Structure formats: structure tokens, C-alpha cells
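Hello,

Here is the structure I promised to pass on to you. Have a look at it first, and then read on for what turned up in it.

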Amino acid sequence: MLFDDLGSTSWHNRHHRVFAQLDELLVAAGVSDLTVVIVGPGGVTRPMSPFLNDAARTNSAARKVVGDLARYSDQLLRRLPFVSLRSLEPIELDRALSMPHRLIAVDRSARLLDAVRRDLPNAECKVIDIARHAIDASADLVVAMNVISRLGDAAPAGVRNVMAALNGGGWIVMDDRSARQHLVDNHRVSQVGEKTYRVAPSDGARKSVVP
Ligand SMILES: C[S@@+](CC[C@H](N)C(=O)[O-])C[C@H]1O[C@@H](n2cnc3c(N)ncnc32)[C@H](O)[C@@H]1O
């Protein structure tokens, strides 16, 4: 492929607040270890990464200009398949979770998953197109931010594949747009925090190891 149309976050700590609250919720629920699947984590170019804005910091106006310029450059550069990537979201999620966890990253892009492996050697990486294939994992928590909304007509299939990877009683973190369209009308799903939901077990479903 000449150009890679990889999607991305393009700044640090985009979901910082959500991940911090998620950890508090898990701790309050007594979760002591868990299997996490992160779907569609996105990536930025490694060369631009240090210059991108950081949502967890207050940036000066000058620093913001640098961050914005880096973001536009990043959007062009990451289309070049030979430029190496960093996937910020798995690193930030890994850091936010205070309990032991097994991290599985799922994306349709093998190039992106190479970047995940480089920063998180213990993460398991699976190249899967969730619009077409099931996720062969059994998770207590699935994070699927800004990926379902990118699937167009295949979004319902993508949600089914994401939900099927979740153990009964499991947790799901999803952006508002996707959740509004695909989660909130599901009677098994209740919102427990910002962009954070819990899914009641269906009859005969796998039991979650989390409380
Ligand atoms: C817009 S980025 C989202 C990045 C990050 N999660 C965020 O919230 O900013 C979309 C991500 O989903 C991945 N993706 C898109 N379609 C996919 C599919 N059908 N199956 C698996 N991953 C997909 C892209 O490769 C990319 O990593």
C-alpha cells in the first residue's frame, strides 16, 4: 500500500480522565486483576510524538501552537508506511490501571500493533478486522474508543464482535457517539461512569472473574 489511512488520536492523554475514573471504579468494585482488550488504539508517528499536545497538562499558548503544528505534520507523516509509530492509548491505559492486568491489543493494522509491542512487550497483539471477525479473547474490560463509529454500515457487526469478547459482568469503555447508537438501548448495559458501562451476564454466558 502506498499510503496508510491509519486513524489516530494525535495527542497525549486524550482519555486521561476516563481512564482515571475507570481505575477508581474498578478499585471500588474490588477488582484485583483483569484481562483487558483494547480495540482500535490508534497511533501517532514516533518522531512527532514528543511535540504533540498533552490533555493532562495545561499548555502555554506557544506550546499549543507547537502541538497543533506537530498534529498536522503527524497526520501527513503517519500515512507513510515506513515511518515508525507509537500507540499512546495502550500505554496510557496500562499506566492508569493500578491492579495487575493482562493487556490484549486488537487492531486491523499490523503496523500499529508493532508499535504497541515495542512500548509494551508484555501486551498480546491480535490483527483482527472487527467488522468481519470475532475477537478470540475473553475479557473483563473492553476499551473501544472511536473505532465503532468508524465502521460505517459494519458498525453493528463490530459491536457484536466487541460484546462477544466480554465476560458476563464485564466493563466496557466506549465513546459517547458509538455508545448512544449501539449500547444504551441494550437492557443488559448500564452506564457506571463517564463513557464507562457494565454489561450484565446473559443466560448461559461466561462468568466474569471480576466481582
Ligand atoms: C480513529 S482511531 C481511534 C484511536 C483511539 N482509540 C482514540 O480514541 O482516539 C481508529 C482505530 O481503529 C482501528 N480500526 C479501524 N477500523 C477497524 C476494524 N474494522 N477492525 C479493527 N480495528 C479497526 C484503526 O486502525 C485505528 O487504530
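Which residue of β6 does I38 stand opposite? I38 stands opposite V143 in β6, and I will come back to that strand below.

First, two notes on reading the model. Residues are numbered from 1 along each chain as its sequence is written. The model is predicted, so local features need pLDDT of at least 70 and side-chain atom pairs count only at pLDDT 80 or more, while totals for chains, interfaces and linings use all residues.

**The whole protein**

The protein has six helices and nine strands. Here helices (H or I, at least four residues) and strands (E, at least two) are DSSP runs, numbered from the N terminus. For 211 residues, a compact globule would have a radius of gyration near 17 Å, and the protein agrees with its 17 Å. That radius is taken over C-alpha atoms, and the globule rule is 2.2 Å times the number of residues to the power 0.38. The C-alpha trace spans about 50 × 40 × 30 Å along the principal axes. Of the 211 residues, 40% are buried. A residue is called buried if 20 or more other C-beta atoms lie within 10 Å of its own, exposed if 12 or fewer, and partly exposed in between, with C-beta atoms placed from the backbone.

**The sheet**

Seven strands form an open sheet in the order β5-β4-β1-β6-β7-β9-β8, with mixed pairing. Two strands pair if DSSP finds at least two bridges between them. At the edges are β5 (124-127) and β8, each pairing on one side only. Strands of a sheet pair through backbone hydrogen bonds, either parallel or antiparallel. β8 and β9 take the antiparallel sense, over four bridges, and V189 stands opposite V199 in β9.

Strand β1 (residues 34-39) is largely enclosed by the rest of the structure, because six of its six residues are buried. L34, V36 and I38 point one way from β1, whereas T35, V37 and V39 point the other way. β1 runs parallel to β4 (residues 101-107), joined by six bridges, and parallel to β6 (residues 139-144), joined by four.

**Helix α1**

Helix α1 (residues 16-28) has 13 residues and reaches 19 Å from its first C-alpha to its last, close to the 18 Å expected at 1.5 Å a residue; the expected span is 1.5 Å times one less than the number of residues. V18, F19, L22 and L26 are buried in α1. Seen down the axis of α1, the buried residues fall within an arc of 95°, so they line one face of the helix; the arc is that of the directions from the helix axis to the C-beta atoms. They pack against α3 (88-96), β7 (166-174), β8 (189-193) and β9 (196-199), where contact means C-beta atoms, placed from the backbone, within 7 Å. On the other side of α1, E24 and A28 are exposed. After α1 comes G30, with a positive phi near 80°.

R46 lies in the loop between β2 (44-45) and α2 (61-77). R46 is partly exposed, with 16 other C-beta atoms within 10 Å. Not counting residues up to four places away in sequence, R46 touches S84, L85 and R86.

Enjoy exploring it!

Notes: Contact = placed C-beta atoms within 7 Å.
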